[in-house]
Amino acid sequence: RVARVRSGLSREKAAALAAWNSKGKDSGKVDVDYTLIRYVKKIPNGPPGLVNYTHQKTIAAIPTEIKDE
């Protein structure tokens with residue numbers, strides 16, 4: 001799942017939110033990959049929303065729902 005992060009949200013909070021919206025949200029910790037948008041490429045003739053990405057780093061996050069402040 002690819003998500004753009006709104007400004008002002010820390011990398012850790014963004015990872016926790018991505019983990020919350022994943023299939024692994026009932027797990028204790030979820031590995032979340034992140035990369036710069038320039039390294040995300042749509043797969044030609046692929047289904048909508050399917051992408052490849054490179055230059056990723058991984059962060060372990062505890063799934064947490066983030067409320068708007």
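These notebook entries record what I looked up in a predicted model of the protein.

**Entry 1: confidence.** I began with the predictor's confidence. The mean pLDDT of the protein is 85, and 87% of its residues reach 70 or more. I then compared the elements. Helix H1, residues 11–20, has the lowest mean pLDDT among them, at 87. Strand E3, residues 51–53, has the highest, at 94.

**Entry 2: fold elements.** I counted one helix and four strands. Along the sequence they follow the pattern α-β-β-β-β.

**Entry 3: surface and burial.** What share of the 69 residues is buried? I found 16%. The protein exposes about 5800 Å², and carbon and sulfur atoms supply 50% of that area.

Entry 4: Which residues of H1 are buried? I listed Ala14, Ala15, Ala16 and Ala19. These buried residues pack against strand E1 (30–34) and strand E4 (57–61).

**Entry 5: the core.** I next looked up the largest nonpolar core, which has six residues: Ala15, Ala19, Val30, Val32, Ile59 and Ala61. H1, E1 and E4 each supply at least two residues of this core. I examined alanine 19 separately. Leaving aside neighbours within four places in sequence, alanine 19 contacts Gly24, Lys25, Val30, Val32, Ala61 and Pro63.

**Entry 6: rings.** I searched for aromatic pairs and recorded a count of zero. I then checked for charges over rings. The charged end of lysine 25 sits over the ring of tryptophan 20, at 4.4 Å from the ring centre.

**Entry 7: aspartate 31 in E1.** I then looked up its contacts beyond four places in sequence and found Thr58, Ile59 and Ala60. The C-alpha atoms of aspartate 31 and threonine 58 are separated by 6.3 Å, although the two residues are 27 apart along the chain.

**Entry 8: arginine 38.** I located arginine 38 in the loop between E1 and strand E2 (40–42). Its relative accessibility is 56%, so arginine 38 counts as exposed. I also noted its C-alpha distance to threonine 54, which is 9.3 Å for a separation of 16 residues in sequence.

**Entry 9: positive phi outside glycine.** I looked up two residues under this heading.

- Asparagine 45 has a phi near 60°, a positive value in a residue other than glycine. I placed asparagine 45 in the loop between E2 and E3. Asparagine 45 is exposed, because its relative accessible area is 84%.
- Histidine 55 has a positive phi of about 55° and is likewise not a glycine. I placed histidine 55 in the loop between E3 and E4. With a relative accessibility of 56%, histidine 55 counts as exposed.

**Entry 10: summary for the file.** I noted again that the buried residues of H1 pack against E1 and E4, and that H1, E1 and E4 each contribute at least two residues to the largest nonpolar core.

Notes: Residues are numbered from 1 along each chain as its sequence is written. This is a predicted model: local features need pLDDT of at least 70, side-chain atom pairs count only at pLDDT 80 or more; totals for chains, interfaces and linings use all residues. Side-chain values use heavy atoms; hydrogens and water are left out. Buried means under 20% relative accessible area, exposed over 50%, partly exposed in between (1.4 Å probe, protein chains only). Accessible areas come from the Shrake-Rupley method with a 1.4 Å probe; for residues, only the protein chains shown count as cover. pLDDT is the predictor's confidence in each residue, from 0 to 100. Contact means heavy atoms within 4.5 Å. Rings of Phe, Tyr and Trp (its six-membered ring) pair if their centres lie within 6.5 Å; planes under 30 degrees apart count as stacked, over 60 as edge-to-face and the rest as tilted. A charge sits over a ring if NZ of Lys or CZ of Arg is within 6 Å of the ring centre and within 35 degrees of the ring normal. A nonpolar core is a set of buried Ala, Val, Leu, Ile, Met, Phe, Trp, Tyr and Cys residues joined through side-chain atoms within 4.5 Å.
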